[in-house]
Amino acid sequence: MIAFNEICKEIIYTDNYQKMKNYRHHGNVSCYKHSIRVAYLCYKYYMKKKPNYDIYEFIKGALLHDYYLYDWHNKGEGHRLHGFRHPKFALKNAKRDYVVTELMEDIILHHMFPLVPTLPRSKAAFIVSIMDKKAGFYDYKRKKKRV
Ligand SMILES: [Fe+2]
Ligand SMILES: [Fe+2]
């Protein structure tokens, strides 16, 4: 069994990824905390269901799904239509900073389904889009404490 941290360590300890701790995402939850939460839900799902796609690509895609690197709450910084546009920004940053496979690209680009009405191409991307909503629910539930 592969440990969660073993899969994440290449990504989460880099400077840019650590910057996500400073970007508020849902409520008071940081983009960092939210992304780790999504990835961990995906990890638990993978360990239970043991699907036939690669766990590294699955979890790394989940970690990078919101890698857009700004605080969308800051008005006047041109973050219009953030909900629709951020998957593309996240993919661009992810490709600049890491190796991004086709599966990871699908995960990042389509995680906002159905708000962004482009269907995920793979089951893995579909699962991440579900875990993203689940994590979002937890984020708002615990919004009193900054994490
Ligand atoms: Fe997102
Ligand atoms: Fe998200």
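The legends below describe close-up views of a predicted model.

View 1. C42 belongs to α3, which covers residues 31-49. With 26 other C-beta atoms within 10 Å, against a threshold of 20 or more, C42 is classed as buried. Apart from neighbours within four places in sequence, the contacts of C42 are F58, I59, A62, I127, V128 and M131. L63 lies 21 residues from C42 along the chain, and the C-alpha atoms of these two residues are 9.7 Å apart.

**View 2. The largest nonpolar core.** This core has 33 residues, and the members that touch the most others are A39, C42, I59, A62, I108 and V128. Two or more residues each come from α1 (4-12), α3, α4 (55-64), α5 (82-97), α6 (102-109) and α7 (123-141). The largest contribution, 8 residues, is that of α3. In soluble globular proteins, nonpolar side chains tend to be buried together.

**View 3. Packing of α3 against α4.** The two helices meet at an angle of about 155 degrees, and their axes are 8 Å apart. Because angles over 145 degrees count as roughly antiparallel, α3 and α4 are assigned to that class. On the α3 side the contact involves S35, V38, A39, C42, Y43 and Y46, and on the α4 side I55, F58, I59, A62 and L63. The crossing of α3 and α4 is right-handed.

**View 4. Packing of α5 against α6.** An angle of about 150 degrees separates the directions of α5 and α6, with 8 Å between their axes. This angle makes α5 roughly antiparallel to α6. P87, A90, L91 and A94 of α5 form the contact with E105, I108 and L109 of α6.

**View 5. Contacts of I108.** I108 is among the residues that touch the most other members of the largest nonpolar core. Neighbours within four places in sequence aside, I108 is in contact with G61, L64, H65, P87, A90, L91 and A94.

**View 6. Helix α7 and its cover.** The 19 residues of α7 span 27 Å from the first C-alpha to the last, close to the 27 Å expected at 1.5 Å a residue. Buried positions in α7 are A124, A125, I127, V128, S129, M131, D132, A135 and D139. An α-helix has 3.6 residues a turn, so residues three or four places apart point the same way. The buried residues of α7 are covered by elements including β1 (24-26), β2 (29-30), α3, α4 and α6. I127, V128 and M131 are among the contacts of C42.

Conventions:
Residues are numbered from 1 along each chain as its sequence is written. Chains are lettered from A and ligands numbered from 1 in the order in which they are written. This is a predicted model: local features need pLDDT of at least 70, side-chain atom pairs count only at pLDDT 80 or more; totals for chains, interfaces and linings use all residues. Helices (H or I, at least four residues) and strands (E, at least two) are DSSP runs, numbered from the N terminus. A residue is buried if 20 or more other C-beta atoms lie within 10 Å of its own, exposed if 12 or fewer, and partly exposed in between; C-beta atoms are placed from the backbone. Two residues are in contact if their C-beta atoms, placed from the backbone, lie within 7 Å. A nonpolar core is a set of buried Ala, Val, Leu, Ile, Met, Phe, Trp, Tyr and Cys residues joined through C-beta atoms within 7 Å. The expected span of a helix is 1.5 Å times one less than its number of residues. Axes are lines fitted to C-alpha atoms, for helices over the stretch in contact, and angles run from 0 to 180 degrees between N-to-C directions. Angles under 35 degrees count as roughly parallel, over 145 as roughly antiparallel, 65 to 115 as roughly perpendicular and the rest as oblique. A crossing is left-handed if the near helix is turned anticlockwise from the far one by less than a right angle, and right-handed if clockwise.
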